[in-house]
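Take a look at it first, and then we'll go through a few of its parts.

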Amino acid sequence: MKILTIPATNSRDGINRRLLELVGRRLAALRPTVEVELLDLNDFEMPIYSGEREAAGIPAEARAFYDAIGAADAVIISYAEYNGSFTPAWKNTYDWASRVDQKVFQGTPVVMLAASPGPRAGAGVLAGATTTAPFFGAELVGSLGVGSFHQIHDPETGTLGDPEISARLDALLELLIAAVDDA
Ligand SMILES: Cc1cc2nc3c(=O)[nH]c(=O)nc-3n(C[C@H](O)[C@H](O)[C@H](O)COP(=O)(O)O)c2cc1C
C-alpha cells in the first residue's frame, strides 16, 4: 500500500510537514507494510498560472504532480492556512494540475488535515478543501484540524500531547487504510 503525503505549503520545515512526518510514523505503526512518501511542493514550483502560459504549454511539473497522485493508493494532505485559505504554493500547483485533468485526485481515497499555530485549526482552508474535494475526484475519507500546534506537538518525541486529537488522527488513518483495503 502506497500512501502519498503532501504538506500544502512550500515551508521546508513547517508545521504541516511536521504533522505529516508524525502521520508517517503512525501509519508505519498501524500497518507496517505501508509505503509512505512525503512530497515537497518546492519540487513542483511553476510560474503563476495564466491562460496565456497554459496556451504555451502545461509545465512538466504539473503532469509530474498529477502522476504522483495517480501512482498512490491514498493521499493525505495537510493544509497550511494563509488568510483563511490555501497557500499560493498549493493553489498554483493544484490549479496547474487541474489543467492536466480536473479530477486531480483521480478517485483516490483522501484524508485532509491542517496544522495551525492558533486555535482555529485551519478551519477556513479545511472547509474550502473538503467542500470542493468531490468535484476534483477525491474519495474524501475525513478531515481533522490540529490547532495550537506548537503547544501540543513535542518536537523531541515527535508526538502530539493531546490524547483526544491523537486518537482522532489514528481513527482517521485506520479509516483510510480500510478504504484502500476495500478498493
Ligand atoms: C500570509 C500569511 C497568512 C496567514 N494566515 C493565517 C490564517 O488565516 N490562519 C492561521 O491559522 N494561520 C495563518 N498564518 C500562519 C500560518 O498558519 C503559519 O505560518 C504556519 O506555520 C503555516 O504552515 P507551515 O508552517 O506548514 O507552512 C498565516 C501566515 C502567513 C505568512
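Two strands count as paired if DSSP finds at least two bridges between them. Helices (H or I, at least four residues) and strands (E, at least two) are DSSP runs, numbered from the N terminus. Keep in mind that this is a predicted model: local features need pLDDT of at least 70, side-chain atom pairs count only at pLDDT 80 or more, and totals for chains, interfaces and linings use all residues. Residues are numbered from 1 along each chain as its sequence is written.

Now for the strands. β1 (residues 2-8) pairs with β2 (residues 35-38) in the parallel sense, over 4 bridges. The chain gets from β1 to β2 through α1, and this β-α-β crossover is right-handed (with the strands pointing away from the viewer, the path from the first strand over the helix to the second runs clockwise). Within the pair, L4 sits opposite E37 in β2.

In total, 17 residues surround the ligand, and the closest are T9, S11, G14, N16 and A80; a residue is near a molecule if its C-beta atom, placed from the backbone, lies within 6 Å of it.

Here's how that shell divides up:

| Class | Which residues count | Shell residues |
|---|---|---|
| Nonpolar | Ala, Val, Leu, Ile, Met, Phe, Trp, Tyr, Cys, Pro | 5 residues |
| Polar | the others, Gly among them | 9 residues |
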